[in-house]
Amino acid sequence: MSGETTEGEALFAPATARNGAAILDVLRAVLPPAGTVLEVASGTGEHAVRFAAALPHLRWQPSDPDWRALGSIAAHARPAALPNLLLPLELDACAEAWPVARAEAVVCINMIHIAPPAATAGLLAGAGRLLPEGGPLVLYGPFRVSGVHTAESNARFDADLRMRDPEWGVRDLEAVLATAAGHGLHLSERIAMPANNLCVVLRKGGPAAT
Ligand SMILES: C[S@@+](CC[C@H](N)C(=O)[O-])C[C@H]1O[C@@H](n2cnc3c(N)ncnc32)[C@H](O)[C@@H]1O
């Protein structure tokens with residue numbers, strides 16, 4: 001959450017306001033027609049409110065391990081008063097057990113490059129445990145593809161992240177897919193997004209027949 005501003009407990013992240021519409025288009029296309037969507041790393045909670053409002057046929061379960069984020073999610077959710085937006089859960093992707101009994105889909109936006117590799121591994125393991133056959137895990141963010149950055153701006157962003165924390169950094173898509181496969185998740189769709197980001201949709205179960 002960089003460049004964020006605050007109003008009381010509510011945090012506002014400029015990137016979250018910018019990328020919400022494009023991500024929502026993808027979510028409309030790939031999420032199931034009913035059920036619970038677990039959002040890992042909800043951050044400010046702006047996405048949670050926007051997506052829950054736009055997808056009233058789904059229950060939206062926001063989560064984050066950070067207490068400031070949990071306060072912000074609740075602060076955004078209160079005035080929205082959406083019946084399908086659940087109270088935020090404290091959830092660290094690295095944890096071996098998640099405080100969620102079931103979810104038909106998992107969404108994780110802009111986390112895996114701003115967290116240690118263990119968070120990516122934990123996210124893939126957790127989604128593998130939780131999702132039903134065919135259920136999607138939707139990842140959004142910058143990725144390296146075939147070992148190279150997809151844009152010069154992503155290379156600069158990567159260097160900046162690694163300076164801030166040596167454990168952070170733009171991940172290799174192929175490495176993420178290899179780890180995902182170990183948890184029964186396979187690539188379903190890869191969608192180019194604005195500002196050199198990708199939406200990567202993984203699904204539980206065998207690879208799609210070609
Ligand atoms: C850049 S923010 C993105 C927030 C939000 N998804 C968005 O797009 O606005 C990264 C978020 O990842 C969360 N995060 C970091 N490590 C995590 C972990 N191990 N498990 C779950 N979330 C984590 C942070 O607390 C933070 O809210």
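Trainee: Which residues of helix 2 (residues 46-54) are buried?
Mentor: Glu46, His47, Ala48, Val49, Phe51 and Ala52. Buried means 20 or more other C-beta atoms lie within 10 Å of the residue's own, exposed means 12 or fewer, and partly exposed is in between, with C-beta atoms placed from the backbone. Keep in mind this is a predicted model, where local features need pLDDT of at least 70, side-chain atom pairs count only at pLDDT 80 or more, and totals for chains, interfaces and linings use all residues. Residues are numbered from 1 along each chain as its sequence is written.

Trainee: OK, and what covers the buried residues of helix 2?
Mentor: The cover includes helix 1 (14-30) and helix 3 (67-80), plus strand 2 (10-12), strand 3 (35-40), strand 4 (58-64) and strand 6 (105-109). Helices (H or I, at least four residues) and strands (E, at least two) are DSSP runs, numbered from the N terminus.

Trainee: Where does Ala41 sit, and is it buried or exposed?
Mentor: Ala41 is in the loop between strand 3 and helix 2. Ala41 is buried, because 25 other C-beta atoms lie within 10 Å. Though not a glycine, Ala41 has a positive phi of about 65 degrees.

Trainee: What about phi of Ala195?
Mentor: Phi of Ala195 is positive too, near 60 degrees. Ala195 is in the loop between strand 11 (185-193) and strand 12 (197-204), and is partly exposed, with 13 other C-beta atoms within 10 Å.

Notes:
Two residues are in contact if their C-beta atoms, placed from the backbone, lie within 7 Å.
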